[in-house]
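Work through the exercises below with the sequence and coordinates open. Each task is followed by a stepwise solution.

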Amino acid sequence: QVQLVESGGGLVQAGGSLRLSCAASGRTFGTYAMGWFRHVPGKEREFVAAISRSGGKTDYVDSVKGRFTISRDNAKNTVYLQMNSLKPEDTAVYYCAAERGGLFIHRGASVYDYWGQGTQVTVST
């Protein structure tokens with residue numbers, strides 16, 4: 001099993017930026033597709049972005065396209081989510097997830113095998 005630890009969340013004003021990091025344990029990080037999801041209490045977990053195991057393919061939910069960028073550094077066992085032009089509706093707990101198959105990237109949370117504990121992002125007006 002793999003442990004994922006998110007960091008970089010915090011409080012930011014609308015229009016500002018944050019960079020989230022997700023550090024993974026283990027020796028097989030480069031074989032995993034990685035995703036970012038976000039969750040607001042009382043609502044379903046929402047797909048945000050995903051990246052293939054080599055970083056060559058990415059996918060984003062429409063609401064963050066042009067504002068968020070997912071990337072990874074396999075040598076550091078880390079995936080990132082750069083969030084620019086933040087909006088109050090981006091406020092959520094952001095979760096990192098890993099899919100051990102790694103051949104495809106997915107939007108469905110049920111496909112992912114490992115999850116971090118989340119980091120809070122709050123965007124104020």
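**Exercise 1.** Which residue in strand 8 stands opposite arginine 19?

Solution. The model is a predicted one.
- Step 1: Locate strand 3 at residues 18–24 and strand 8 at residues 78–83.
- Step 2: These two strands run antiparallel and are joined by six bridges.
- Step 3: The residue facing arginine 19 is glutamine 82.

**Exercise 2.** Determine the strand order of the open sheet and identify its edges.

Solution.
- Step 1: The sheet has four strands, ordered 1-3-8-7, with antiparallel pairing.
- Step 2: Strand 1 (4–7) and strand 7 (68–73) each pair on one side only, which makes them the edge strands.
- Step 3: From one strand to the next, the twist averages 15°.

**Exercise 3.** Describe the largest nonpolar core and the surroundings of leucine 4.

Solution.
- Step 1: The largest nonpolar core contains 35 residues.
- Step 2: Among those with the most contacts inside it are Leu4, Trp36 and Tyr94.
- Step 3: Strands that each supply at least two residues of this core include strand 4 (33–39), strand 5 (46–51) and strand 9 (92–99).
- Step 4: Leaving out residues up to four places away in sequence, leucine 4 touches Cys22, Met34, Cys96 and Trp115, among others.

**Exercise 4.** Classify asparagine 77 and serine 85 by phi, location and accessibility.

Solution.
- Step 1: Asparagine 77, not a glycine, has a positive phi of about 55°; for serine 85, also not a glycine, the positive phi is near 50°.
- Step 2: Asparagine 77 sits in the loop between strand 7 and strand 8, and serine 85 in the loop between strand 8 and strand 9.
- Step 3: Asparagine 77 has 17% relative accessibility and therefore counts as buried.
- Step 4: Serine 85 has 41% relative accessibility, so it counts as partly exposed.

Technical notes
Residues are numbered from 1 along each chain as its sequence is written. This is a predicted model: local features need pLDDT of at least 70, side-chain atom pairs count only at pLDDT 80 or more; totals for chains, interfaces and linings use all residues. Side-chain values use heavy atoms; hydrogens and water are left out. Two strands pair if DSSP finds at least two bridges between them. Axes are lines fitted to C-alpha atoms, for helices over the stretch in contact, and angles run from 0 to 180 degrees between N-to-C directions. A nonpolar core is a set of buried Ala, Val, Leu, Ile, Met, Phe, Trp, Tyr and Cys residues joined through side-chain atoms within 4.5 Å. Buried means under 20% relative accessible area, exposed over 50%, partly exposed in between (1.4 Å probe, protein chains only). Contact means heavy atoms within 4.5 Å.
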